[in-house]
Amino acid sequence: MNNTENYEENALHSPLKRENIITLTNEEKELIRETLGAIHYDPEGGKEYIMEIRRAAYMCFPERLITALEEQKAGLHPHSYLYFENLPYEDVEGSPEESKGETGLDYKCTPLSENITVALGALSGEPYSIIFEGKEIVNNLVPSSHMKQTYTGNGYDVELSFHIENAAQKDGNLDKDTSPGALVLVGVRHDESCPKTRIADGRDALALLSDEDKETLRKADFRIKVPMRWRAAGAREMTDRVPILTGTDENPDIRVAFYPDMVLSVNERAQEAFEHLKQAVDAVSCWVDIAPGTGVMVNNRMTLHSRDRFEAHFDAQGKAERWIQRVFVKNSLQALAQFEQSGERVFDPSHPKISYAERIAQESRHESYGIG
Ligand SMILES: [Fe+2]
């Protein structure tokens, strides 16, 4: 089951599942460059912009790419991940530091990578951003020396262990699932230390577990911590007791994060099953180095991802050599409509639209369901 057995030095990825790789021809690549490179980027993700990107992407993406993205959206037989090769990319000079109010377009001539990122999201669902992750619909993941120890896309001096993005939010603030259904990551600039993004298909991991372990993971015997930035914005510190695993073994929904102290198992058996899942996830994982020309879509319902600790390099101007762009995707943005928007598709959970009284009422309803 271990996909890392045929490890190839200097390759951009360890052996991935063939059916999950989409390689563009040079002709397809140039058509996408020409079409998407010419569209004006709207960092707020306005209606007209998303519609224009969709129209253009349906015109310039090859049919097999459209089919794969549509399948992800339908969710009946979803891929665990899709890996894109030979995407068009542009020359960049530097990388943006959001703390200085910089944007990606300060360092390159066209919004090609932003538009590709949004297009991959818009054909597989509804792309969006959470304001803690960046002020634009497309987030810039760039190493930052003052955040190097953080478990975020800007950290690099700590390993960001396997996790489902916003795992706790599957339980939801106010009973709504505000976690992404998928993440799209596109390479913009490449660090010579080749930091690896690891991916693990939850279905392969579950196949290694005993029925007893799976049964335990299906019990509401776990509490999952809400990410720090959501907590600071007023969200609860952790979920009530929830299962890690729901859905079927073939089409599961997993909520877990293996970086320190994120999951509290309420008894020994639960802790044992949690440890077994962790081992199984490691055993089935593969990796990609998200460099310019490549991208990956991770199915956040069933696929865990991680990023190795790495040595970040900075150019003579002090700009990070690693730069990945990301967008979150959901089938519907309705659950996020409870938050104020900073722009059409950038949501701010620190500003819920409903009143404090309503919020308390909803939370106590939640507790009376016996979950707490
Ligand atoms: Fe993540």
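Predicted model: local features only at pLDDT ≥ 70, side-chain atom pairs only at ≥ 80, totals over all residues.
**Entry 1: the whole chain**

I began with the overall counts. The chain has 372 residues, and 46% of them count as buried. Its secondary structure comes to 9 helices and 17 strands. I then looked at how far along the chain the contacts reach. Taking contacts with a separation of 6 or more, I found that 76% join residues 24 or more positions apart.

**Entry 2: the core**

Next I looked up the largest nonpolar core, which holds 87 residues. Which of its members touch the most others? They are Ala-119, Val-184, Val-256, Leu-277 and Val-296. Helix α8, residues 268-284, gives the most to this core, with 7 residues. I followed up Leu-277 and left out residues up to four places away in sequence. That leaves Ala-205, Leu-209, Leu-217, Ile-244 and Val-256 as residues that Leu-277 touches. A background note for myself: in soluble globular proteins, nonpolar side chains tend to be buried together.

**Entry 3: α1 against α2**

I moved to helix pairs. Two packed helices are described by the angle between their axes and the distance between the axes. Helix α1 (residues 26-36) packs on helix α2 (residues 47-60) at an angle of about 160 degrees, and their axes are 10 Å apart. An angle over 145 degrees counts as roughly antiparallel, so α1 and α2 get that description. The crossing of α1 past α2 is right-handed. Who meets whom here? From α1 I noted Leu-31, Ile-32, Thr-35 and Leu-36, and from α2 Ala-56, Met-59 and Cys-60. I sorted the residues of this contact into 6 nonpolar, 1 polar and no charged.

**Entry 4: α2 against α4**

The axes of α2 and α4 come within 9 Å and cross at roughly 85 degrees. That makes α2 roughly perpendicular to α4. On the α2 side the contact is made by Ile-50, Ile-53, Arg-54 and Ala-57, and on the α4 side by Asn-115, Val-118, Ala-119 and Ala-122. This contact divides into 6 nonpolar, 1 polar and 1 charged.

**Entry 5: α4 and Asn-115**

How many residues of α4 are buried? I got 11 of the 11, so α4 is largely enclosed by the rest of the structure. The buried list includes Ser-113, Glu-114 and Thr-117, and Ala-119, which I had already met among the core members that touch the most others.

I picked out Asn-115, which sits in α4, residues 112-122. Is Asn-115 buried or exposed? I counted 26 other C-beta atoms within 10 Å, and 20 or more is the mark for buried, so Asn-115 is buried. Neighbours within four places in sequence aside, Asn-115 is in contact with Leu-36, Ile-39, Tyr-41 and Ile-53. Asn-115 and Tyr-41 are 74 residues apart along the chain, yet their C-alpha atoms are separated by 6.7 Å.

**Entry 6: two positive phi values**

Last, I checked the backbone at two loop residues. Asn-86 is not a glycine, but its phi is positive, about 65 degrees. Asn-86 lies in the loop between β2 (81-85) and α4. I find 15 other C-beta atoms within 10 Å of Asn-86, so this residue is partly exposed.

Cys-194 also has a positive phi, about 50 degrees, without being a glycine. I placed Cys-194 in the loop between β6 (182-189) and β7 (197-201). With 17 C-beta neighbours inside 10 Å, Cys-194 goes down as partly exposed.

Conventions
Residues numbered from 1 in each chain as written. Core = buried A, V, L, I, M, F, W, Y, C linked by C-beta atoms within 7 Å. Buried ≥ 20, exposed ≤ 12 C-beta atoms within 10 Å, placed from the backbone. Helix = DSSP H or I, 4+ residues; strand = E, 2+ residues; numbered from the N terminus. Contact = placed C-beta atoms within 7 Å. Axes fitted to C-alpha atoms, helices over the stretch in contact; angles between N-to-C directions. Parallel < 35°, antiparallel > 145°, perpendicular 65-115°, else oblique. Left-handed = near helix turned anticlockwise from the far one by under 90°. Nonpolar A, V, L, I, M, F, W, Y, C, P; charged D, E, K, R; others polar.
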